[in-house]
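Subject: Structure handover

Hello,

Here is the structure we spoke about, with the sequence. My notes on what was found in it follow below.

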Amino acid sequence: MFGGKIGAPELILILVVVILLFGAKKLPDMARSLGKSARILKSEAKAMKEDKSSAPADPPAPGEEPSAQRTIQAAPGDVTSSRPVAEPTDTTKR
């Protein structure tokens, strides 16, 4: 039914529809926020991977409590969104 190939006329039509829907003024802001979100997601995925590899094999003893706060670093160049975050404690037994 559909050719499967997207050529120049189709791309131009899609671009025109996007500009009409969102407006030309909002597109740069949307692209910027999308890029920032992608950088944050990438840094969080990297941090989770590092946490898994450096996590101790044994859970902390019942009397010990791990530090409840850490700072999530934003992407390089975006120093305004670094903030301390209190991590939730998992009190449920699985």
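Does Met30 count as buried, partly exposed or exposed? Met30 counts as partly exposed, because its relative accessibility is 35%; buried means under 20% relative accessible area and exposed over 50%, with partly exposed in between (1.4 Å probe, protein chains only).

This is a predicted model, in which local features need pLDDT of at least 70, side-chain atom pairs count only at pLDDT 80 or more, and totals for chains, interfaces and linings use all residues. Residues are numbered from 1 along each chain as its sequence is written, and side-chain values use heavy atoms, with hydrogens and water left out.

The protein has two helices and two strands, in the order α-α-β-β from the N terminus. Helices (H or I, at least four residues) and strands (E, at least two) are DSSP runs, numbered from the N terminus.

Of its 94 residues, 4% count as buried. The accessible surface is about 8800 Å², and carbon and sulfur atoms hold 64% of that (Shrake-Rupley method, 1.4 Å probe; for residues, only the protein chains shown count as cover).

Helix α1 covers residues 8–22.

Helix α1 gives the largest share of the patch, four residues.

Regards

Methods. The expected span of a helix is 1.5 Å times one less than its number of residues.
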